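Reader: Can you walk me through this one? I'd like to start with where the chains meet.

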Protein chains: 2
Amino acid sequence: VRAVDWSEDHVRLLDQRSLPRAVVYLEIHDARSLARAIRDMAVRGAPAIGIAAAYGVVLAARSAYRADPERWRDRVEDDMRDLAAARPTAINLKWALRRMRSAFDRVAADPVPVLLAEARAIHEEDIAANRRMGALGAALLADTRHVLTHCNTGSLATGGYGTALGVIRSAFNAGTLESVYACETRPWLQGARLTAWELRQDGIPVTLIADSAAGLLFKNGRVSWVVVGADRIAANGDVANKIGTYGLAVAARHHGLGFMVVAPSSTIDPGTASGDEIPIEDRGADELLRYAGTDVAPPGVAAWNPVFDITPAELVDVIVTEKGIVREPDRNKITALLGRPAD
Amino acid sequence: VRAVDWSEDHVRLLDQRSLPRAVVYLEIHDARSLARAIRDMAVRGAPAIGIAAAYGVVLAARSAYRADPERWRDRVEDDMRDLAAARPTAINLKWALRRMRSAFDRVAADPVPVLLAEARAIHEEDIAANRRMGALGAALLADTRHVLTHCNTGSLATGGYGTALGVIRSAFNAGTLESVYACETRPWLQGARLTAWELRQDGIPVTLIADSAAGLLFKNGRVSWVVVGADRIAANGDVANKIGTYGLAVAARHHGLGFMVVAPSSTIDPGTASGDEIPIEDRGADELLRYAGTDVAPPGVAAWNPVFDITPAELVDVIVTEKGIVREPDRNKITALLGRPAD
């Protein structure tokens with residue numbers, strides 16, 4: 001499964017809003033539509049958003065170059081802003097746009113070949129990073145039979161394979177991991193709709209739980225690690241991830257379980273000093289108040305729907321990146337990690 | 001609003017499965033239908049289940065007496081067993097049946113007048129207990145502006161007024177409490193469907209959150225107390241309540257917030273030594289896998305759906321009953337409380 005891909009002359013997105021009911025692809029030919037697809041969560045997951053935005057820059061530059069070959073760099077700016085503003089929390093989006101912009105310097109005439117090559121490089125490097133993280137994380141789970149994961153961090157959330165779900169895939173393929181518990185992940189139900197769908201396709205045993213059942217799961221000793229992804233990691237190791245991650249980290253620590261964050265180094269933002277500086281997206285009441293066209297709550301009820309939270313570094317046992325692992329993360333260790341070449 | 005009531009010659013239940021979409025009443029004339037209504041959650045909430053079961057004994061005894069006036073006590077046993085088995089975790093059900101059975105001794109001929117009076121007494125005492133708990137709990141919240149509650153513990157879950165929601169009502173009416181956050185309470189959405197509906201009718205400001213957003217809510221300092229009900233309290237003060245309560249208690253302690261359990265003394269079971277002995281009902285996968293007739297997850301995915309969890313006494317700051325409050329509950333304090341007359 002590829003959540004996002006370049007297909008001849010356009011971007012092809014697997015519409016994650018329709019899963020698991022239907023497998024529908026969106027064929028996207030302009031940057032504005034791509035920004036809308038990110039905003040509306042046709043594509044989601046920090047690394048997948050970054051890759052989609054990179055391809056979006058190719059679409060933007062092509063359109064700008066066709067309109068005015070001399071001034072495409074100016075004309076592309078509106079689309080760049082539009083892409084950058086599509087989702088606020090995941091840093092991979094801004095990282096991918098910065099990296100695409102740095103490739104502008106290498107463009108002589110038609111920007112498409114250079115930028116498409118750069119976007120493809122971002123995409124392929126992400127898959128390679130996932131594989132590397134899979135191996136590193138699986139080694140940490142060598143004695144672990146059952147884990148809990150949250151949200152969706154698999155092929156659908158990345159260039160392919162996955163971050164936390166990549167570690168789970170590698171640990172299962174290594175023959176050590178036996179099964180996965182997955183939080184359904186309200187309100188968007190990424191766990192029920194996407195993680196369950198991916199794991200079944202791979203034949204990895206998965207059991208869904210309500211997000212609020214994690215405490216009892218831990219108390220009953222059913223899992224020994226919680227393995228999650230990240231949307232942004234601050235320079236001090238604080239982790240922004242799907243709403244609920246923080247509560248899982250607090251409960252994991254209370255029960256003495258391991259808490260592992262798996263993310264490519266592009267998720268670490270040296271420009272964000274701590275979690276306090278990370279903007280938390282609020283997606284509005286509707287995701288809580290309606291489901292499948294049906295009112296869940298009385299019409300007009302107020303709802304607070306922050307879709308990410310911040311887990312402080314001191315609750316994280318290990319961060320796994322393609323550059324290596326960081327145990328008990330802090331500012332110095334994160335700085336040292338970012339200075340390393342890929343592991 | 002009355003969730004359960006005796007109406008002339010039968011039991012009238014407000015069907016909570018239809019709320020908030022529609023206000024539908026079930027007219028129930030036999031104990032078997034009443035047991036089914038409890039099992040299928042047309043009526044839910046530990047105290048309301050107890051009251052409904054008490055009225056169910058009246059229906060059972062009436063039918064048994066009509067069939068055989070001499071041997072109604074034998075003929076009623078099947079229905080008593082059926083009622084007792086309808087839900088396993090809430091102790092109020094068994095408590096109400098025991099109390100109804102003790103009234104059998106006072107029956108000379110037709111059992112209906114005596115048993116109906118006893119069921120009505122159980123019902124009225126529950127409402128009085130709620131009012132008393134409301135006053136006791138509101139006094140503890142005199143300096144509190146915002147609280148979080150879980151599940152539904154209001155008029156719909158009791159004889160009327162509510163346990164935790166009764167305290168919230170009293171604190172709001174006292175002019176101290178300003179607003180309530182309510183967990184939507186997966187999988188059955190009691191918070192979104194029932195608590196939001198009740199609080200709006202009372203004009204108490206309510207904001208819904210996903211269950212998993214409680215951690216961020218606490219971290220942001222938005223509430224200073226968590227106020228919940230209970231389905232069974234063990235002799236040592238361990239509390240069985242709606243799934244997710246335990247995670248809220250762990251997170252509340254982590255953030256230094258108060259954690260209050262509000263329940264009538266009929267919820268305390270001296271015969272249950274600790275939380276380890278409380279059976280946790282598992283309601284099967286469907287509540288997680290389908291919503292409003294739509295598949296949420298891929299068909300056939302496994303799910304674990306325990307609908308209660310156990311909060312150990314050491315995470316409970318105070319238990320509020322109609323007999324008085326117990327701070328930092330333990331076996332001795334609970335025993336002393338049960339020995340007291342009503343406060």
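Reader: How many residues does each chain put into the contact?
Author: This is a predicted model. In it, 52 residues from chain B and 52 residues from chain A take part in the contact.

Reader: And what area is buried between chain B and chain A?
Author: About 4,200 Å². Carbon and sulfur atoms give 69% of that area.

Reader: How many salt bridges are there between chain B and chain A?
Author: Two salt bridges are counted between chain B and chain A. A salt bridge links the side chains of A:Glu184 and B:Arg186, at 2.6 Å from N to O.

Reader: Which parts of chain B touch chain A?
Author: Several elements of chain B supply at least two residues each, among them helix 8 (190-202), strand 6 (206-209), helix 10 (245-254) and strand 14 (302-304). Helix 8 of chain B gives the largest share, five residues.

Reader: How does that side of chain B split by class?
Author: It has 34 nonpolar, nine polar and nine charged residues.

Reader: Strands now. How does strand 14 of chain A run against strand 6 of chain B?
Author: The two run parallel, and three bridges join them. Strand 14 of chain A covers residues 302-304. A:Trp304 has B:Ile209, in strand 6 of chain B, as its bridge partner.

Reader: What is the strand order in the open sheet?
Author: The open sheet has eight strands in the order 17(A)-16(A)-10(A)-7(A)-4(A)-5(A)-6(A)-14(B), and the pairing is mixed. At the edges are strand 17 (324-327) of chain A and strand 14 of chain B, each pairing on one side only.

Reader: How much twist?
Author: From one strand to the next the twist averages 25°.

Reader: Back to chain A: how many bridges join strand 5 to strand 6?
Author: Four bridges join strand 5 (residues 179-183) of chain A to strand 6 (residues 206-209) of chain A, and these strands run parallel. A:Cys183 stands opposite A:Ile209 there.

Reader: Which strands does helix 7 of chain A lie across?
Author: Helix 7 (residues 164-173) of chain A lies across strand 4 (146-149), strand 5, strand 7 (225-228) and strand 10 (258-262) of chain A. Its angle to strand 4 of chain A is about 165°.

Reader: And helix 10 of chain A?
Author: Helix 10 (residues 245-254) of chain A lies across strand 4, strand 5, strand 7 and strand 10 of chain A, and runs at about 145° to strand 10 of chain A.

Conventions: Residues numbered from 1 in each chain as written. Chains lettered and ligands numbered in written order. Predicted model: local features only at pLDDT ≥ 70, side-chain atom pairs only at ≥ 80, totals over all residues. Heavy atoms only, no water. Contact = heavy atoms within 4.5 Å. Buried area = accessible area lost by both parts, 1.4 Å probe. Salt bridge = Lys/Arg side-chain N within 4 Å of Asp/Glu carboxyl O. Nonpolar A, V, L, I, M, F, W, Y, C, P; charged D, E, K, R; others polar. Pairing = 2+ DSSP bridges. Axes fitted to C-alpha atoms, helices over the stretch in contact; angles between N-to-C directions.
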